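I wanted to go through this structure in a few passes, from the whole chain down to single residues, and to keep a record of each thing I looked up.

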Amino acid sequence: MLFVLYELLFWLAVVAIPFWLWLDLTAALWAMLGTVVIYAAVQGWMFERFQKWLNFSSLKRDPPWNGAWLDVASRIQRQQTQATNHAKMHEKRLQDFLLAIQASPNGVILLDDEARIDWCNNTAASHLGLDATKDRLQHIVHLVRDPLFTKYFSQEDHPSEILIDGRSTTLTNMRKLSVQLHKYGEGRLLLLSRDVTEIAKADAMRRDFVANVSHEIRTPLTVLGGFVETLQSVPLDAEETQKYLRLMALQADRMQSLVADLLTLSQLEASQAPNNQEKVSLPELVTQVMAEANSLTTYLAEQQQSQKHALVFDRIPHLDVMGSRSELMSALSNLVNNAIRYTPSAGLIHLSFSQTENQLMISVKDTGPGIPSEHIPRLTERFYRIDHSRSRETGGTGLGLAITKHVMQRHGGELLIQSELGKGSTFSLVLPQSRVSEQAQTSNQSVLA
């Protein structure tokens, strides 16, 4: 404001000196007084206009004056422009930060000092069944009605996460969430949620797998231990001894089959998928399966003193399948052997083939008791059995269909299961046409065993 003082002194000098030279000192003083009054009035008027200019919503328009007030106005305009630019920059950073949180696969909820929702991303809204707009400023405990969460929230400290049930669309597709609270700011809370449904399923499958393996091994070991104790403590004749040894050998074979299937499944999961370089002759593969099936049905008929199964194999297409011979052999023999074991004596086992432009289907149909529809989706799970006692009688390990499913996935195909109670079941191996090629020969006959 020194410019205003200098300007006033200048006008005082301009007015007072002529009056002093032409008249006297008194006239000069009156002239100076008048100059001060007029200058003060002018500055007051300009100050009023300056206040009106400051009241504009935007100060970008130039002020209607010159001099010191123009300098002041220019400084204010520059400061306002800088403040606006800084505000825009911070707003953009905030929006980028919120967009980054919005894109996070984990749920994020910001709670104020009264535990009301200040902001949440779409993931958290999906996890907990919230509405990101309508539920704003609602208390989190009123919306997440889970006893475990309520108890967790009421604690003073939250050093670890907890598992709660998330919002699910169906009863069969329950979602498991990991949630944890973190303090920040002045009394504010950050709630993080993470979908751990698949992790929980994998953990449950691991526990079930260990329990099932332990159970499957414990049973034959218990039987073997009992036979060994009998042989050690009870005097037996040669015939009785041979009987017990045969039973012991049967239990040993059962454990060997279980270990072999476990190793096969482990190798399938750990190794790379087979390439398209190795050609497997479908007629040779099916012929070997036929021989094994005939041996198995003859053995079961002798053991059970019943009629043999009728095995019908349709004309085998002269095709080559690109993949692993041992894996394809395992998959097909598992289906045929299961059909024989689970079909009553004198039943029919029918192996058929169908080919389209897109795929090759190998189907094994039986006349067994059929499978309830609620069990079909879980048949390929490890050790899943509909009737445990029946499975033990037939000598199955509970891993055959799991192995078959893995083999088909590794060959780009799938395992299809159709069944109707009282009318039997059909298990089909579906291979993509990209793994099938024609052979030179084109003729073969149906086989009836």
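The entries below follow the order in which I looked things up.

**Ground rules.** I am working from a predicted model, in which local features need pLDDT of at least 70 and side-chain atom pairs count only at pLDDT 80 or more, while totals for chains, interfaces and linings use all residues. I number residues from 1 along each chain as its sequence is written, and the side-chain values use heavy atoms, with hydrogens and water left out.

**Whole chain.** I looked up the secondary structure and found 12 helices and 14 strands in the protein chain; these are DSSP runs, helices being H or I with at least four residues and strands E with at least two, numbered from the N terminus. Of the 449 residues, 36% are buried, where buried means under 20% relative accessible area, exposed over 50% and partly exposed in between (1.4 Å probe, protein chains only). Taking contact as heavy atoms within 4.5 Å, I noted that 59% of the contacts between residues at least 6 apart in sequence join residues at least 24 apart.

**Helix H8.** Asp237 caps the N-terminal end of H8, with a side-chain oxygen 3.3 Å from the backbone nitrogen of Glu239. The buried residues of H8 include Met248, Arg254, Leu258 and Leu268.

**Helix H10 and Glu327.** The 18 residues of H10 should span 26 Å, and its end C-alpha atoms are 26 Å apart, which agrees. Glu327 lies in this helix, which covers residues 325-342, and it counts as buried because its relative accessibility is 12%. What joins the side chain of Glu327 to that of Arg410? I found a polar contact of 2.8 Å between the two, a polar contact being a pair of N or O atoms within 3.5 Å of which, within protein, one must be able to donate a hydrogen and the other to accept it, with residues adjacent in sequence counted only if both atoms are side-chain atoms. Apart from neighbours within four places in sequence, Glu327 also contacts Leu268, Pro274, Val407 and His411.

**Cavity.** I then searched the whole structure and found one cavity of 30 Å³ or more. The largest cavity holds about 50 Å³, and Leu282, Leu285, Val321, Leu328, Leu332, Ile362, Leu429 and Leu431 line it. Helix H9 (282-304), H10 and strand S12 (424-432) each give two or more residues to that lining. Here a cavity is a set of points, on a 1 Å grid over the protein atoms alone, where a 1.4 Å probe fits but cannot get out, and lining residues have an atom within 4 Å of a point. Grid points are joined across faces, edges and corners, and the volume is the space filled by probe spheres set on them.

**Ser425.** In strand S12 I looked up Ser425, which is buried at 5% relative accessibility and whose side chain makes a polar contact of 2.7 Å with that of Ser419.

**Gln305.** My last entry is Gln305, in the loop between H9 and strand S7 (310-313), where phi is near 55 degrees, a positive value in a residue other than glycine. Gln305 is exposed, at 76% relative accessible area.

Key
The expected span of a helix is 1.5 Å times one less than its number of residues. On a 1 Å grid over the protein atoms alone, a cavity is a set of points where a 1.4 Å probe fits but cannot get out, and a pocket is an open set with protein on both sides within 12 Å along at least five of seven lines; lining residues have an atom within 4 Å of a point.
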